[in-house]
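Q: I have a structure open here and would like to go through it piece by piece. Could you help me read it?

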Amino acid sequence: MAARSGWWRVRTVGLRVFCGEAAAPGVTPPGPLPFRAGCASPAMAPAFCGTLLGLALYAGSLRAVSGAPLLYHDYCVIGAGPAGLQAAYFLQQAGRDYIVFERSHAPGSFFALYPRHRKLISINKQYTGKSNSEFNLRHDWNSLLSHDRRLLFRRYSRDFFPNADTMVRYLEDFASLLKLQVQYNTAITHVTLEKDEQAWNGHYFLLTDQDRKNYKCSCLLVAAGTWVPNVVNFPGSEYAEGYETVSVNPEDFAGQTVLILGRGNSAFETAENILGVTNFIHMVSRSRVRLSWATHYVGDLRAINNGLLDTYQLKSLDGLLEGDLEDLAIVKDKKGKLHITLRFYLENRNISAGINSITLPQDELDNFATRAPYDRVIRCLGWKFDFSIYNRSLRMMPGKGNIKKYPQIKPSYESKGTRGLFVLGTASHSVDFRKSAGGFIHGFRYTTRAVHRLLENRHHGVPWPSTVYPITQLTNSIIKRVNEASGLYQMFSVLADIILLRENATAFEYLEEYPIGVLAELEMQTGRKARSGLFVIIMEYGRNFSGADKDVFYYNRAVGEAQHAWQSNFLHPVIYYYKSLPTEREMKLRPPDWPLPRPDAIHHIVEDFLTDWTAPNAHILPLRRFLENCLSTDLRNFFAESCFLFAFTHQKLPPSCQQGYVRMQGLVGSQELRHHAVQAGLLQDYTHTDFLGDRPPDSHDGSQEQLIRDHGIPVRPLQHLVNAKDEL
C-alpha cells in the first residue's frame, strides 16, 4: 500500500514555498516541484529563502508525524454497522482493494447502545412453510446477504423480535467469519477532496482520523448511519432528559408524572417501559400518530410498542397531544416540578425571576391540557446524520423538509454534490423515506448490493449481472421472481427487475433489482443495451390504500378477480412495458406518486391473500396474454404436431415452434401421449382402419402395423381451445 500512497508535499501556501516531494521506499516521485520562494535572484536564496525553507521543513515534519504517508485504498467505507459490513462483503467477494473504518472496538456500535430497552422491531420469522432461502428472506429482517449459511439470523435467535445484543454478536461474527477488512478504534474526524484528473472521479478523498492519521481513496462509501440525537431548542429545553441517557429502570419512575416529547418508536418504546409504574404519561409531538399497519411503512409506530394507545383511548389517564415543540416552554419551580407553557408567554419575561412572575396557560384557560406539573420530561426525537466531519468541498448538504436529517443523494445513492461519494444504509433513506424499507436492514442490504453493481460497472467494466433466456421462458421467469424475490418484495416501488428484449423478441436479458429512480440511465449504469424495448417488474401497494388517515380494515378491501387487478390494494406485482427506454425528461414529468413514467402498456397481477401468484387462471394466464399483446406473438408451448400444422397455415411460427420443432427439438408424439390428448379432448380419436381400408388390422404383417402405430399421425384441423384451462 505504501507504494501507492507515499506522496507527501511540504508546502507553506501563504508564502508559496515548494520544497519538492518525497516518496515511499521503492517509489519514484512524479518529478520535482518548481522552487519558487519569491526571491529576487538565486543569490538571495541561501539567506532569505533558507529561513522559509526551514519553516517549511518544520511544518512538513509536523505533517509527516501526524499522518503522512497517506495510506491508499480504492474504496474507503466509513462505519462497520450492517450497511458497512454488507458493502465490505461485496467488495471482498469481487476482490477489490478496500478498508472499513469503525470508531468503536467492534462492529455494530449503534446496536450496542440502542434501542435502549434492547428489543428490536425487525422481525425474525423462524418458519414460513417453505425451504426456498430467497423467499424466506422476505420474513427475515435482520440477516445480511452472504454465501455462508451459518450467517442467517435465525441461527442466533428464535425470538420474533430479537434482543439488540444478539444483533451485536451477529455483526461481530459476520465480520470475523468472512474475514472482512475492518480497522477498529478509528474515528474519521475530517473528510476533504484532492483534485486529480487521473483519479477515477476527478478527485481523491482524503480522510483524517482522531490520531491525525491520513488516508486516501478513490471512492468513498458512507455507512455511518444516523446517530446524532435530534434536539429541538426552546426555552427550558435544557430540563428535558435525552432518550440516549434516560434511565431504563422502571422503578426510577415509580409514582412520577412524565411528559415525552416525540411520537416515534423510541418515544413509545420508552413509554411502554414505564407504563405500569407512572402516575400518567403524556406524549406531545407536531404530527399525529402514524401506525405502520396503516401506512405500510415499517418506520412508523409498530404494534409491539403501542400500549399507550390503549391506555389513552380507554381513558386510563395517559394521553397524546399535538403541538409544535418550538412553541413550547418549560419552567421549573422551586420544588423541581416542570410546568409547560407557551413561548409567547415568555416574551419580555425573565425566566430566572421565578415561576410566579410568568403567565401560564391555565391562568387564562383553566382547563388547559398540560396544566398539571411534570416530574420529568424526556426527549425522544430520533436521530440525524452527522454532517460535521465533511469539508465544504464535498458539498454534503442536508435534505429539505421531512428528510433534512439525511444528506442529499441521487436515486443511485450517490451524493448530489460529489461524484464517487455514495451513502449507504440508514442515512440513504431519503430516497424512499416513508415509502419503502431503505432505512432498515431488510431494505438496504439490497440497495447496498445495487450500489456495488453500479460501481463494478463504472470502475471495473463489469456489467450488471444478467441472464439470457429464450422468449418462451418470459412468463415463467416473471412468475418465479415475483413469488420468490426478497429484494423486490422489501424494496417495493424502489428496486425493479428489468427485462431487456432482444431483436425480434426471440430472447430476453433479465436484470435483477435495479434502482428505478435511474431507469433513464440504465444503459450507462449497467453496461447493458435496451434497443428493442423492455419490461419493468416492481411491487406496489394500491394507490389510495396507505396513509395515517386510511381505514385499511374496511369491508371488501381485497380484490380477487383478475379483471379488477388494477384496483388491488395489498402489495402485488406490476409490470410496465416500454417500447424504448424512458428519458430523463419523462422521468421528471411522470405523474404524481407514480414510481415510473407512463408506460406503453401496464399490467397488474391481482393481489393474493397468500402472496402466492401461481394461480393458473387468476395470475398466470392474464400475465401471459399481456406479454403476448405487447410482443405480438404466442408464448404458449406446442407439441410437434401443432407446430407441423402451423408451418402450413401460418406465415410466422410461434416462438416455441421456432426454438423447438424447427430445430428438431421438443416433444415427439407417442401412443401414450396421444391417448392422454384424446381423453382431454385435444385430439380426435382415430383407428388404423382410417389408413388400411376395410381389411382387418390382423391381415397385415407385424412390421407394417408397427410402423403405422408408431408414426401415423392424422391430419386434422386445429381445434379451438374451449376454456382458459385448456389454453394453459
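Q: Okay, how many helices and strands are there in the chain?
A: The chain has 22 helices and 24 strands, and please keep in mind from the start that this is a predicted model.

Q: And what share of the residues counts as buried?
A: Of the chain's 728 residues, 50% count as buried. The chain exposes about 36,300 Å², and 52% of that area is supplied by carbon and sulfur atoms.

Q: What about contacts between residues that are at least 24 apart in sequence?
A: If you take the contacts in the chain between residues at least 6 apart in sequence, 65% of them join residues at least 24 apart.

Q: Which residues touch the most other members of the largest nonpolar core?
A: Those are Leu207 and Leu220, in a core that holds 71 residues. Leaving aside neighbours within four places in sequence, the residues in contact with Leu207 include Cys76, Ile78, Phe101, Ile188 and Val191, and Leu220 is also one of them. There is also a second, separate core of 28 residues, which includes Leu488, Leu501, Phe508 and Phe535.

Q: Switching to helices: at what angle do helix 3 and helix 11 cross?
A: The axes of helix 3, residues 82–93, and helix 11, residues 441–460, cross at roughly 35 degrees and come within 9 Å, and the crossing is right-handed. On the helix 3 side the contact is made by Pro82, Ala83, Gln86, Ala87, Phe90 and Leu91, while helix 11 brings Ile441, Phe444, Arg445, Thr448, Arg449 and His452.

Q: How do the residues of that contact divide into nonpolar, polar and charged?
A: The contact of helix 3 with helix 11 has 7 nonpolar, 3 polar and 2 charged residues.

Q: Now Leu144, is that buried or exposed?
A: Leu144 counts as buried because its relative accessibility is 3%, and its place is in the loop between helix 5 and helix 6. Not counting residues up to four places away in sequence, Leu144 touches Pro82, Leu85, Gln86, Leu151, Tyr170, Leu171, Phe174 and Ile441. Among these, Pro82, Gln86 and Ile441 also take part in the contact between helix 3 and helix 11.

Q: And where is Glu414 found?
A: Glu414 is in the loop between strand 17 (383–384) and strand 18 (421–423), and Glu414 counts as buried because its relative accessibility is 3%. Among the residues that Glu414 touches, not counting those up to four places away in sequence, are Arg419, Phe422 and Arg458.

Q: I noticed Tyr114 and Pro115; what kind of peptide bond joins them?
A: A cis peptide bond joins Tyr114 and Pro115, with omega at about -5 degrees, and Pro115 has its place in the loop between helix 4 and helix 5.

Q: Where do Leu317 and Ala505 lie?
A: Leu317 is in the loop between helix 9 and strand 13, and Ala505 is in the loop between strand 20 and strand 21. Leu317 counts as exposed because its relative accessibility is 61%, whereas Ala505, at 16%, counts as buried.

Key. Residues are numbered from 1 along each chain as its sequence is written. This is a predicted model: local features need pLDDT of at least 70, side-chain atom pairs count only at pLDDT 80 or more; totals for chains, interfaces and linings use all residues. Side-chain values use heavy atoms; hydrogens and water are left out. Axes are lines fitted to C-alpha atoms, for helices over the stretch in contact, and angles run from 0 to 180 degrees between N-to-C directions. Helices (H or I, at least four residues) and strands (E, at least two) are DSSP runs, numbered from the N terminus. A crossing is left-handed if the near helix is turned anticlockwise from the far one by less than a right angle, and right-handed if clockwise. Contact means heavy atoms within 4.5 Å. Ala, Val, Leu, Ile, Met, Phe, Trp, Tyr, Cys and Pro count as nonpolar, Asp, Glu, Lys and Arg as charged, and the others, Gly among them, as polar. A nonpolar core is a set of buried Ala, Val, Leu, Ile, Met, Phe, Trp, Tyr and Cys residues joined through side-chain atoms within 4.5 Å. Buried means under 20% relative accessible area, exposed over 50%, partly exposed in between (1.4 Å probe, protein chains only). Accessible areas come from the Shrake-Rupley method with a 1.4 Å probe; for residues, only the protein chains shown count as cover.
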